[in-house]
Amino acid sequence: MATLCLPSSSSSVKLAEISSSIHSFPANPNLLRSSPRRRRPLFDHFLAVNYVAESFKWRAKVSFFPFFSTKTQDTESLKLELLEAIAPLDRGAEATPEDQKLIASKLEAANKVKEPLKSSLLNGKWELLYTTSQSILQTKRPKFLRANGKIYQAINTDTLRAQNIETWPFFNQATADLIPLNARRVAVKFDSFKIAGLIPIKNRGSGRGQLEITYLDEELRISRGNQGNLFILRMVDPSYRVPL
């Protein structure tokens, strides 16, 4: 994704409006469905996140040598802690300033993939679980005017392409070129948008941003935009290809 800090601005059907609404996004869903643990009712309305959290919890606790502490176990525990913290926050819309400060920093410090832009783990389609970006959350709007369905971000490092995909109720999309600035950060240049997934609009150069990958593994990605916004995403389809 590089997480695309989509451009912001205003106006009814302007490119900036579209880009701001579809801005910026860990586990194989089939594997998660087979998790041996039962879901807890408290998180039933956050089903996808709950499945992920339960999967991590199971793996973090099952060990033939529980008295040994390993880095892998520490990371799994941090992932579980993070996912349980964001589960009730409505993708960030219900987060307090205190929540925003505490979330993610511990796991980012444990990141093992130091050059994520060179890693195949980055490739594929990611679902946005949490963000601090107001251009995505739109908390000042009535809820029926916000993006209430799932939001995805896809990245392909071989073609340096990225795509943001919004589902219900707007179905907007944006695609972008990625320009590596170092092994962790890219500049993002949006080149096209689709309104309602049908009406194509070419960008005239206003959609730009930067994205830094601060944590990456095969299931979870954490990114930060150039305006300081945080994005937490889980992998849903590693084979997904972004349109050229």
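Arg-241 counts as partly exposed, with a relative accessibility of 45%. In this text, buried means under 20% relative accessible area, exposed over 50% and partly exposed in between, for a 1.4 Å probe and protein chains only. The model is predicted, so local features need pLDDT of at least 70 and side-chain atom pairs count only at pLDDT 80 or more, while totals for chains, interfaces and linings use all residues. Residues are numbered from 1 along each chain as its sequence is written, and side-chain values use heavy atoms, leaving out hydrogens and water.

**Charged pairs**

The partner of Arg-241 in a salt bridge is Asp-158, at 3.0 Å from N to O. Because Arg-241 lies in the segment after strand 9 and Asp-158 in the loop between strand 2 and strand 3 (161-166), this pair ties together parts that are 83 residues apart in sequence. Asp-158 is exposed, at 55% relative accessible area.

A salt bridge here is a side-chain nitrogen of Lys or Arg within 4 Å of a carboxyl oxygen of Asp or Glu, and the count comes to 13. Asp-90 and Lys-143 form one of them, at 3.3 Å from N to O. Asp-90 sits in the loop between helix 4 (71-86) and helix 5 (97-102), and Lys-143 in the loop between helix 7 (134-137) and strand 2, 53 residues apart. Helices (H or I, at least four residues) and strands (E, at least two) are DSSP runs, numbered from the N terminus.

Glu-108 and Arg-224 make another salt bridge, their closest N and O atoms being 2.8 Å apart. Glu-108 belongs to helix 6 (residues 105-109) and Arg-224 to strand 8, so parts 116 residues apart in sequence are tied together. Here is how accessible these partners are:

| Residue | Relative accessibility | Class |
|---|---|---|
| Asp-90 | 24% | partly exposed |
| Lys-143 | 47% | partly exposed |
| Glu-108 | 14% | buried |
| Arg-224 | 24% | partly exposed |

**Around strand 9**

Six of the eight residues in strand 9 (residues 230-237) are buried. Strands pair if DSSP finds at least two bridges between them. Strand 9 runs antiparallel to strand 1 (residues 124-131), with six bridges joining them, and Glu-127 stands opposite Arg-234 of strand 9. Strand 8 (residues 220-225) also pairs with strand 9 in the antiparallel sense, over five bridges; here Ile-222 has Ile-232 as its bridge partner. Four residues separate strand 8 and strand 9 in a hairpin, and Gly-228 in the turn has a positive phi of about 90°.

**Nonpolar cores**

A nonpolar core is a set of buried Ala, Val, Leu, Ile, Met, Phe, Trp, Tyr and Cys residues joined through side-chain atoms within 4.5 Å. The largest has 23 residues, and those with the most contacts inside it include Leu-122, Leu-128 and Phe-190. Strand 5 gives this core its largest share, four residues. A second, separate core of 15 residues includes Leu-82, Leu-129, Leu-230 and Ile-232.

**Rings**

Two aromatic pairs turn up in the whole structure. Trp-168 and Phe-171 are edge-to-face, 6.3 Å centre to centre with 75° between the planes. Phe-190 and Phe-193 are stacked, at 6.1 Å and 20°, and both residues are buried. Rings of Phe, Tyr and Trp (its six-membered ring) pair if their centres lie within 6.5 Å; planes under 30 degrees apart count as stacked, over 60 as edge-to-face and the rest as tilted.
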